[in-house]
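I opened this notebook page to record what I looked up in the structure.

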Amino acid sequence: MTDLSSQSVRSHLNRRNRHQTMIKGFGMAAIGFAALMLFILVSSLVSSGYKAFTQTHVTVEVFVDPAEIKPERLPRGGFDDVLLASLKTYFPDVSGRADEKALEGIFSNGAQFTLRDRIVADPGLIGQSITMTVPTSDPFDQLAKDLVKRDTPETQRRVSDREIGWFDTLDQAGAISQPLNWGLISNTDSRFPELAGLKGALMGSFWALLVCFVISFPLGIGAAIYLEEFAPRNRLSDFIEVNINNLAAVPSVVFGLLALAVFIGWMGMPRSAPLVGGMTLALMTLPTIIIATRAALKAVPPSIREAALGVGASKHQVVFGHVLPLAMPGILTGTIIGLAQALGETAPLLLIGMNAFITSAPDSPLDSATALPTQIFIWADSPERGFVSRTSAAILVLLTFLITMNAIAIYLRSKFERKW
Amino acid sequence: MSLFKLTVSTLALSAMAVGAAQARDEIRIVGSSTVFPYTQAVAEQFANVTGAPSPIVESTGTGGGMKIFCAGIGEAHPDLTGASRAMKASEYKLCQDNGVTDITEAMIGYDGLSIAISRDATNDWDLSLEQVFLALAAEIPGEGGWIANPNKTWADVDASLPAVEILAYGPPPTSGTRDAFVELAMHAGCEATPFMKALKDADKDAYKATVKDNCSRMRQDGPFVEAGENDNLIVQRLNADEHAMGIFGYSFLYENMDTLKPVKIAGVSPSAETIGDFSYPISRPLFFYTKNAHRGVIPNFQEFIEEYMSDDAMEPGGYLSERGMVALPDDLRAETQDAVIEGKTMAPKE
């Protein structure tokens with residue numbers, strides 16, 4: 001027995017304790033730093049993005065003038081003139097083409113099409129007065145949200161003093177409202193920030209992920225089962241294993257170039273289509289799924305296999321009847337995490353043209369579309385001021401999806417995980 | 001639900017893809033990121049007004065767009081490409097070689113390149129192009145020929161300028177904006193130096209070679225920072241640093257006039273008027289090119305061109321000028337509209 005009170009042992013012990021405290025301290029500092037960065041990221045996104053979750057609207061009484069809009073000429077007609085007339089009831093003294101155009105600028109460019117669609121759907125409205133609530137154009141939205149300051153000199157802002165006067169008059173008359181901006185989810189992309197929404201990108205991401213899942217899930221599980229349960233252990237299977245692990249680390253842009261050359265160039269598939277995007281993402285997701293599946297299969301205890309074999313089950317019955325069902329929660333978790341990665345992937349989609357400007361949502365994986373991350377990319381590069389907050393809002397939407405998918409993965413794991 | 005079913009549906013999807021590659025009913029557009037916002041505006045208006053499928057507009061850069069555009073005729077290839085400079089002879093040749101022989105060139109308007117600084121900056125800037133060149137070129141004429149640019153502050157360039165460090169954010173070499181800046185600002189600034197003026201009189205060939213070579217290189221040692229294609233990023237950096245300058249299209253300055261102010265060039269601020277009459281020296285024409293073999297084949301393509309060429313879009317105060325483009329003068333506009341709608345084949349580029 002050594003003497004614990006001896007000087008050398010005590011100093012040694014102190015040193016070891018010091019080391020331990022230091023390591024703990026480093027660990028906590030690292031976690032604290034990561035948490036701080038995450039906080040800064042999310043709070044900067046929220047602080048610039050939350051304003052995009054509302055949209056300034058103006059409500060006006062529109063008299064659908066039969067002189068301007070004739071049933072037999074639909075869908076053409078003087079819809080903008082009718083809208084202008086409704087504003088002129090507030091400002092009867094505005095006249096002249098330039099002034100009228102400026103006044104009409106309070107409405108979003110989409111207002112005339114909203115009105116047109118309503119009248120085309122119900123031509124009986126011609127000759128009646130209807131109430132319409134339409135988005136204001138972006139400069140006025142910025143003004144209402146105080147993103148353009150009123151005390152900036154007039155020459156330095158997009159809205160003139162006179163336009164601010166009009167806006168204030170409408171505001172006092174109760175015509176201005178700022179409801180939740182459902183358009184952010186239900187509209188497709190637009191050149192006008194007040195009309196732009198994520199529907200096309202959401203649908204594009206959905207189709208791409210569906211294709212990605214349909215391809216990578218069966219292929220990944222199949223490959224993993226073969227490698228784990230059936231393949232002989234030899235140099236070839238080692239070589240394949242090493243390469244699958246390497247594939248998981250290949251930068252995604254490489255897969256994009258591959259897809260451009262093979263899927264689009266050689267196989268002649270359409271550019272910008274979620275089908276091609278999904279196939280590219282599947283290439284990236286495959287190694288993740290294979291690795292997760294193999295880990296899940298490995299985690300099933302040998303006793304299960306041996307018991308099944310012992311009662312006379314064939315290898316095939318063991319794998320599909322016993323091992324695979326038990327490994328399923330782990331496989332699903334891996335798959336969902338792989339898909340979440342694919343959802344956030346941008347680089348390969350840029351190469352296959354999924355960063356195009358498209359004002360309609362895709363109805364199938366073959367229609368051209370954008371995806372959430374590429375939509376963010378497009379918005380971030382747009383000069384209009386309204387896109388600054390919309391970019392942040394779109395990132396928040398993307399983050400929400402990622403967090404949801406990861407939460408599902410965690411739930412599945414904790415719910416179905418078996419302790420042996 | 002089985003692996004079998006999933007596999008079958010995968011195969012079915014792939015089969016659909018091959019079938020779909022044969023048919024296309026929407027217009028496909030590629031090209032310059034500068035022309036992109038204008039084409040977007042026309043595409044959206046066109047889809048809204050006619051109810052036709054919305055054209056698909058991709059921003060690939062001028063050079064990238066030309067490559068894809070000139071790759072061939074047929075549904076796999078785009079119908080129209082935007083360009084922030086005229087088509088080069090090499091690109092014209094590529095088009096011809098690939099059977100894209102009938103092309104119409106359309107000049108749609110002008111775009112100014114602005115140099116801007118933060119509104120918070122205390123100094124008001126007024127630079128000549130020669131000063132811009134001396135501040136941002138990799139090499140400048142010095143004693144005994146070309147020397148690496150020694151200027152660190154604007155006062156080094158010209159004693160009358162403030163002693164502020166030179167720092168400018170600008171587009172990367174892949175950008176049409178960069179090509180335009182080099183050609184319009186750097187070359188002009190270079191040609192204005194006494195050294196080049198002397199060379200011009202002495203040796204025409206050497207002069208041309210020098211313009212192409214020494215005058216075209218931006219400095220790499222720090223004061224000029226390539227900020228990528230994202231102009232909003234440059235805008236943010238300018239707001240963070242009051243001495244930094246940014247080089248980008250006029251439309252970005254126009255949208256951000258409350259936080260940025262222009263650097264005057266030779267006493268002129270960029271505006272729709274000064275860009276249109278070329279009194280602001282860094283302005284350039286914008287183009288698009290149409291593949292005439294696709295007119296009448298790709299549904300709605302001719303109608304789309306007509307929308308692009310309509311007065312609603314192109315005239316001063318039209319919806320393109322609301323996006324920051326500077327409209328063509330009336331007579332040139334009328335001429336362009338007629339030629340492009342008709343589909344006049346462009347003259348060969350030599």
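This is a predicted model: local features need pLDDT of at least 70, side-chain atom pairs count only at pLDDT 80 or more; totals for chains, interfaces and linings use all residues.

Residues are numbered from 1 along each chain as its sequence is written, and chains are lettered from A and ligands numbered from 1 in the order in which they are written.

**Entry: helix pair.** I found helix 1 (residues 7–49) and helix 16 (residues 386–416) of chain A packed at an angle of about 130°, their axes 7 Å apart. Helices here are DSSP runs (H or I, at least four residues), numbered from the N terminus. Axes are lines fitted to C-alpha atoms over the stretch in contact, and angles run from 0 to 180 degrees between N-to-C directions.

**Entry: residues of the pair.** I listed A:Leu45, A:Val46, A:Ser48 and A:Gly49 of helix 1 as meeting residues of helix 16 that include A:Val388, A:Ser392 and A:Leu396. Contact requires C-beta atoms, placed from the backbone, within 7 Å.

**Entry: chain contact.** I noted 33 residues from chain A and 30 residues from chain B in the contact. Helix 8 (residues 199–230) of chain A gives the most to the chain A side, with six residues.

**Entry: annotation.** The unreviewed UniProt entry places "domain: ABC transmembrane type-1" on residues 202–409 of chain A; such annotations may be inferred rather than shown by experiment. Over residues 202–409 I recorded 76% helix and 0% strand, with the end C-alpha atoms 21 Å apart.

Conventions: Helices (H or I, at least four residues) and strands (E, at least two) are DSSP runs, numbered from the N terminus. Two residues are in contact if their C-beta atoms, placed from the backbone, lie within 7 Å.
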